Amino acid sequence: MKMSWAKMPNRWAMAGGLREFKHRDARNMVSALHTNASIASLKTYIAICTRADFRSGLVKTTYEELGILLGHSRLVIARSLRILLANGLIRSDSSKARDGSLLYVCRWLEDEGYAKIPKSWLYRVRGKEGDAPAVSRKHLFKLRAFKLNSLLSLMALKIYILLLALRNKDRRSEADLTGRDGLTIVSYDRIMDLTGVPRSAISPAITLLLEMNLISFRSGSFTVSDDQDFDRTNRYLIKGLGLRWVPLTEPQSNSQLTVSPASQGG
């Protein structure tokens, strides 16, 4: 039986790796070229992870297959792979693969924790009112919705990957009603720090993710502590992983939230 989710190494994103996917050039000017390259590269990385062997992180694919999945040209895919290689997110060995490239997702085996990509959900697209959602195995419809030439799409995509990476571990015990199981609980400050997304752009980017039906959202708590006058954390539920909302038993402070090895995996 095919799994409805795919594995993605998460330590690189938790360490601020998403900041490397920029929208500004060397002169610190907003650049359509840099924005589009970053959007396409991150989409390509997710697509590669959905195709990777669960145990080894190996995937045999072609530019054409990745292009069809994402709706990008061969040229865009080739550039995206070069960027992913340069950032140490994949390795490539085309010499051993006939009719395609043999790719390896870096840190697949080395990282203790990993994120879950809702693979089956990404293949779904909303139909017309009253119609069942369309499902395809050739098109990652929801990733295609992150459009080139859209700075907001880049901001939203980076935040989406971070929410996947920081998601708390699933638990099966019905007795555990802390409200954290399977959710991502993170402040705007931390999002800004790990993605490089300006604070003013975080709310519009999250709204876009809501409109794309990739997440649902609940506002966090306001707390006061000795070392922090004001803090707000919000809770995000990733669509497509079979999660549901449960009530919080106590307010959660961003100063209390750390990602331990036990909470890094899916």
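A residue is called buried when its relative accessible area is under 20%. In this predicted model, asparagine 213 has a relative accessible area of 13% and is therefore buried. Asparagine 213 lies in the loop between helix H9 (199-211) and E9, and it has a positive phi of about 60° although it is not a glycine. A positive phi, of about 65°, is also found at asparagine 149, which is likewise not a glycine. Most residues other than glycine have a negative phi. Asparagine 149 is placed in the loop between helix H6 (141-144) and helix H7 (151-166); its relative accessibility is 64%, a value that counts as exposed because it is over 50%.

Aromatic side chains were examined next, and a search of the whole structure finds 5 aromatic pairs. In one of them, the ring centres of tryptophan 12 and phenylalanine 21 are 6.5 Å apart and the ring planes stand at 65°, so the pair is edge-to-face, given that planes over 60 degrees apart are classed in this way. Tryptophan 12 counts as buried at 7% relative accessibility, and phenylalanine 21 counts as buried at 2%.

For phenylalanine 217 and tyrosine 236, the ring centres lie 5.4 Å apart with the planes at 50°, so this pair is tilted. The pair links distant parts of the chain, since phenylalanine 217 belongs to strand E9 (residues 215-218) and tyrosine 236 to strand E12 (residues 234-238), 19 residues apart. With a relative accessible area of 30%, phenylalanine 217 is partly exposed, whereas tyrosine 236, at 0% relative accessibility, counts as buried.

One aromatic cluster is formed by Trp5, Phe54 and Tyr114. The ring of tryptophan 5 also has the charged end of lysine 116 sitting over it, 4.5 Å from the ring centre. A lysine is found over a tryptophan ring elsewhere, with lysine 142 lying over the face of tryptophan 121 at 4.9 Å from the ring centre.

Methods:
Residues are numbered from 1 along each chain as its sequence is written. This is a predicted model: local features need pLDDT of at least 70, side-chain atom pairs count only at pLDDT 80 or more; totals for chains, interfaces and linings use all residues. Side-chain values use heavy atoms; hydrogens and water are left out. Rings of Phe, Tyr and Trp (its six-membered ring) pair if their centres lie within 6.5 Å; planes under 30 degrees apart count as stacked, over 60 as edge-to-face and the rest as tilted. Buried means under 20% relative accessible area, exposed over 50%, partly exposed in between (1.4 Å probe, protein chains only). Helices (H or I, at least four residues) and strands (E, at least two) are DSSP runs, numbered from the N terminus. A charge sits over a ring if NZ of Lys or CZ of Arg is within 6 Å of the ring centre and within 35 degrees of the ring normal.
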